[in-house]
Amino acid sequence: MCSHCSSEKQNLYEHVQEAVAFLKNNISKVPTVGIICGSGLGSIADTLINPIFIRYEEVPHFPVAKVDGHEGRIVVGELNRRFAICMQGRAHYHDGYPLWKCTIPVRVMQGLGITHLIITNAVGAINPNYEVGDILIVKDHLDLMGLTGTSPISGLDDDRLGPKFLTVTDAYDKEMIKVAKLTAEKLGITDIVREGALTCVGGPCFETVTECRMLRLLGVDAVGMSNVPEVIVARHCGLTVLSFCLVTNMGNLDHESCEAISHASVIDVGARRSEVIKKFVEGIVQNI
Ligand SMILES: O=P(O)(O)O[C@H]1O[C@H](CO)[C@@H](O)[C@H]1O
Ligand code: HPA
């Protein structure tokens, strides 16, 4: 790690407080719900009434989103009689940020007052029974990055940020999952809603056939390049979490039928599902 990054990491708590103080000066009310929008899912923020926009570049110590389809701004506003804060886009590990930095927005939202966080992302399906356009409610994860030594909470050594060791077997809140499933029933979309296990890889390469086959053997249903580190940090700072993914492509499990995956098609699937996803999030927020 460069000396600049390590001093930034050592001062993470103070930097989060600075970002929180900046945002408190720009936001009139305390948000209670946070939402992180994945690739192509930024339209979730359109559901906020009387929105205020703040670009990530303006917020001290915030990591800046670098990927197309990630607007890179905070949107705050009313959502179903709640005051919500939405991250319209995120920074990724493959953008060149360490995971403790990618996840600063989670800590900042917690510092502002949210209790519940909805984390979304785009994923490739590893479960061959899934289809493009499905919504996957995450009930567990395989933290491949953490298992191999890259956790967003390693080496923080600061009790103010959270405990050194963390249990994440209960990370995916059962009540929130129940609310999400009930919302799917009310919307009549249970045929496209799945429940399963997610893994996060470093990217930015989409997985090869051999990698997808390995992930299938390891028992995961979908693979993405985000979400899991944010869930870990959200639990590290005591938030109640719901995580769901949009299946934007099938993982390639077979050399013969192997198809190229592009970021443009990932965004396109998000756009095509945007009305359903917006109603899904609105319904969930109404019932938490
Ligand atoms: O995880 P989100 O932000 O949805 O973005 C996903 O989309 C991109 C690939 O198309 C990758 O950045 C992957 O992580
Ligand atoms: O197939 C994928 N793999 C990893 N991340 C992704 N994000 C969208 N699709 C994918």
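UniProt annotations are given here in the numbering of the present chain, with shortened feature names, and may be inferred rather than shown by experiment. The structure described is a predicted model. Within it, an unreviewed UniProt entry assigns the annotation "binding site" to Glu207 and Asn249. These residues are spread over 43 residues of sequence but cluster in space, the largest C-alpha distance being 11.5 Å. Glu207 and Asn249 are both included in the lining of the largest pocket.

The two annotated residues were examined in turn. Glutamate 207 lies in the loop that runs between β7 (193-200) and α7 (209-217). Its relative accessible area is 14%, and the residue therefore falls under the 20% limit that defines a buried position. Beyond residues up to four places away in sequence, glutamate 207 touches Val201, Cys212, Leu215 and Val223. Asparagine 249, by contrast, belongs to a strand, β9 (residues 240-250). With a relative accessibility of 10%, asparagine 249 also counts as buried. When residues up to four places away in sequence are not counted, asparagine 249 touches Val123, Gly124, Ala125, Val132, Ile261 and Val266.

Both residues take part in the surroundings of ligand 2. The residues around this ligand are Ala122, Val123, Gly124, Phe206, Glu207, Val223, Gly224, Met225, Thr248, Asn249 and Val266. A nitrogen atom of ligand 2 is placed 2.7 Å from an N or O atom in the side chain of glutamate 207. For asparagine 249, an N or O atom of the side chain is likewise 2.7 Å from a nitrogen atom of ligand 2. The backbone also contributes, with a polar backbone atom of alanine 122 at 3.2 Å from a nitrogen atom of the ligand. Ligand 2 exposes 260 Å² when taken alone, and the protein buries 95% of that area.

A further "binding site" feature, again from an unreviewed UniProt entry, is placed at Ser39, His70, Arg90, Ala91, His92, Ala122 and Ser226. Although this set spans 188 residues in sequence, no two of its C-alpha atoms are more than 13.8 Å apart, so the residues gather at one spot. From this set, the lining of the largest pocket takes in Ser39, Arg90, His92, Ala122 and Ser226.

An N or O atom in the side chain of histidine 94 is 2.8 Å from an oxygen atom of ligand 1, and for the side chain of histidine 70 the corresponding distance is 3.3 Å. Alanine 122 contributes a backbone N or O atom, which lies 2.8 Å from an oxygen atom of ligand 1. Taken alone, ligand 1 exposes 350 Å², of which the protein buries 95%.

Serine 39 is located in the loop between β1 and β2 (49-55) and, at 10% relative accessibility, counts as buried. Its contacts, leaving aside neighbours within four places in sequence, are with Gly69, His70, Ala122, His263 and Val266. Serine 226 occupies the loop between β8 (222-224) and α8. This serine is also buried, with a relative accessibility of 7%. Not counting residues up to four places away in sequence, serine 226 touches Arg90, His92, Asn121, Leu198 and Cys200. The side chains of serine 226 and asparagine 121 are joined by a polar contact of 3.4 Å.

Attention was then given to helix α4 (residues 104-112). Of its 9 residues, 7 are buried, so the helix is largely enclosed by the rest of the structure. The buried positions are Ile104, Pro105, Val106, Arg107, Val108, Met109 and Leu112. The elements that cover these residues include the helices α2 (12-26), α3 (99-102) and α8 (228-236), together with the strands β1 (33-36), β4 (82-88) and β5 (116-125). Just after α4, glycine 113 adopts a positive phi of about 125°.

Key
Residues numbered from 1 in each chain as written. Chains lettered and ligands numbered in written order. Predicted model: local features only at pLDDT ≥ 70, side-chain atom pairs only at ≥ 80, totals over all residues. Heavy atoms only, no water. 1 Å grid on protein atoms, 1.4 Å probe; cavity = no way out; pocket = protein on both sides within 12 Å on 5 of 7 lines; lining within 4 Å. Helix = DSSP H or I, 4+ residues; strand = E, 2+ residues; numbered from the N terminus. Buried < 20%, exposed > 50% of the residue type's maximum accessible area, 1.4 Å probe, protein only. Contact = heavy atoms within 4.5 Å. Polar contact = N/O pair within 3.5 Å; in protein donor to acceptor, adjacent residues only side chain to side chain. Areas by Shrake-Rupley, 256 points an atom, 1.4 Å probe, with all protein chains shown as cover. Near = heavy atom within 4 Å.
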